[in-house]
Amino acid sequence: MTFEQVVAQSIEALEPALKAAKRGASAAVASGKMLGDGEIKNIPKKLIEAEEELARALEGVRAFREEWAGQGMDDYFGSEEYMAELLSSLEDLGVDAHRLDDVLYVYPALVRLDNISQSVRIDKKQEARVRPRTLARILRDIQNRPSKFPAGRFLTSLFRVYKALGSCNLKKGEPWAGWSMYLKDIHEMLASAPGSDYTEQEFVRDIYLLDASGEELEVRGHTAFLEASSGTRDEKKTLSIITRDGQRRLYCTIRFDQIVR
């Protein structure tokens, strides 16, 4: 059965226990009000009603717990079947979603399944609501928000690291600009900062968002150029991503050229 089918059947199976719990709680609250008002005549009857309903609810919950343990949902979550069900739910809602290895690109978010915690990681946030249609609605809302990608700030960060790495081991007066530098090396520098958990997938996602932003890639008198792999020798240094329209795109190096006025 699918995740949706199991959830639908489970809700139906648990419903009698939930209703009994509500009735029992209501009777218990009513008995407390009677006690407060000094209505001692009807308190014993109301307490018995609360006890019977809550006992019925407890019995139903125990039975459901045993039934739920046998559903095998822990194994189903994270499986190819679950991923296919999630992708189908996203498609039904018109959400642009594409998969590359263990990452689901739902721009601007990166989504990963965490089998250990039985939850989903949406960028840095842990999301415990993993029912496919519920998760699909959450991701739809994220995708429909106005873009807040800080293109200028990110470009400045790239420029600073590029300049720092490019200036290493240069003779005095040698230009540090104009050289192609591996993006992976820049990511390693950014990710090495204390407390950083900036993953390579997040980095290349940000490179793509910068590239697709439509903004001029100019910073501090320099223009940035993003380049793909120039040959097989660059394969290990090449970053791969699935774009919003489902195309595979490669990024390898970045170059900052000085603007000549």
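The lining of the largest pocket in this predicted model divides by class into 15 nonpolar, 4 polar and 9 charged residues. The lining is made up of 28 residues in total, and the pocket has a volume of about 790 Å³. Pro108, Ser147, Lys148, Phe149 and Leu209 are the lining residues that lie nearest the centre of the largest pocket. Three helices, H5 (132-144), H6 (151-166) and H8 (200-211), are the elements that give two or more residues to this lining.

The second largest pocket has a volume of about 210 Å³. Its lining consists of 13 residues, and those nearest the centre are Leu100, Asp101, Glu200, Gln201 and Ser240. Two or more residues of this lining are given by each of S2, H8, strand S9 (239-242) and strand S10 (248-251). Helix H8 supplies the largest share, 3 residues. By class, 6 residues of the lining of the second largest pocket are nonpolar, 3 are polar and 4 are charged.

The strands were examined next. An open sheet is formed by 5 strands in the order S1-S2-S3-S4-S5, and the pairing is antiparallel. Strand S1 (98-100) and strand S5 (125-127) stand at the edges of this sheet; each has a single partner strand, so one side of each is left without a neighbour in the sheet. From one strand to the next, the twist averages 30 degrees. In a regular strand, side chains alternate between the two faces of the sheet.

Within this sheet, strand S2 (residues 103-106) pairs with strand S3 (residues 109-114) in the antiparallel sense over 3 bridges. One of the residues involved is Leu104, whose bridge partner in S3 is Val111. The two strands S2 and S3 form a hairpin, with 2 residues between them. Strand S3 also pairs with strand S4 (residues 119-122), again in the antiparallel sense, over 4 bridges. Here Asp114 has Ser119 in S4 as its bridge partner. The hairpin of S3 and S4 has 4 residues between the strands, and in this hairpin Gln118 takes a positive phi near 55 degrees.

Another open sheet is formed by 4 strands in the order S6-S11-S8-S7, with antiparallel pairing. Its edges are taken by S6 and strand S7 (218-219), each with a single partner strand, so one side of each is left without a neighbour in the sheet. The pairing of S6 with strand S11 (residues 253-258) is antiparallel and runs over 2 bridges. Tyr182 has Thr253 in S11 as its bridge partner.

Contacts between aromatic rings were also counted, and the count comes to 13 aromatic pairs. One of these pairs is formed by Phe154 and Phe203, which are edge-to-face, at 6.2 Å centre to centre and with 70 degrees between the planes. This pair links distant parts of the chain: Phe154 belongs to helix H6 and Phe203 to helix H8, and the two residues are 49 residues apart. Phe154 has a relative accessible area of 9%, whereas the value for Phe203 is 0%. Phe154 is therefore buried, because its value is under 20%. Phe203 counts as buried because its value also falls under 20%.

Phe159 and Trp176 provide another such case: their ring centres are 5.6 Å apart and their planes stand at 70 degrees, so the pair is edge-to-face. This pair, too, links distant parts of the chain, with Phe159 in helix H6 and Trp176 in the loop between H6 and strand S6 (181-182), 17 residues apart. Both Phe159 and Trp176 are buried. Elsewhere, Phe3, Tyr76, Phe77 and Tyr82 form one aromatic cluster.

Conventions. Residues are numbered from 1 along each chain as its sequence is written. This is a predicted model: local features need pLDDT of at least 70, side-chain atom pairs count only at pLDDT 80 or more; totals for chains, interfaces and linings use all residues. Side-chain values use heavy atoms; hydrogens and water are left out. Two strands pair if DSSP finds at least two bridges between them. On a 1 Å grid over the protein atoms alone, a cavity is a set of points where a 1.4 Å probe fits but cannot get out, and a pocket is an open set with protein on both sides within 12 Å along at least five of seven lines; lining residues have an atom within 4 Å of a point. Grid points are joined across faces, edges and corners, and a volume is the space filled by probe spheres set on the points. Ala, Val, Leu, Ile, Met, Phe, Trp, Tyr, Cys and Pro count as nonpolar, Asp, Glu, Lys and Arg as charged, and the others, Gly among them, as polar. Rings of Phe, Tyr and Trp (its six-membered ring) pair if their centres lie within 6.5 Å; planes under 30 degrees apart count as stacked, over 60 as edge-to-face and the rest as tilted. Buried means under 20% relative accessible area, exposed over 50%, partly exposed in between (1.4 Å probe, protein chains only). Axes are lines fitted to C-alpha atoms, for helices over the stretch in contact, and angles run from 0 to 180 degrees between N-to-C directions.
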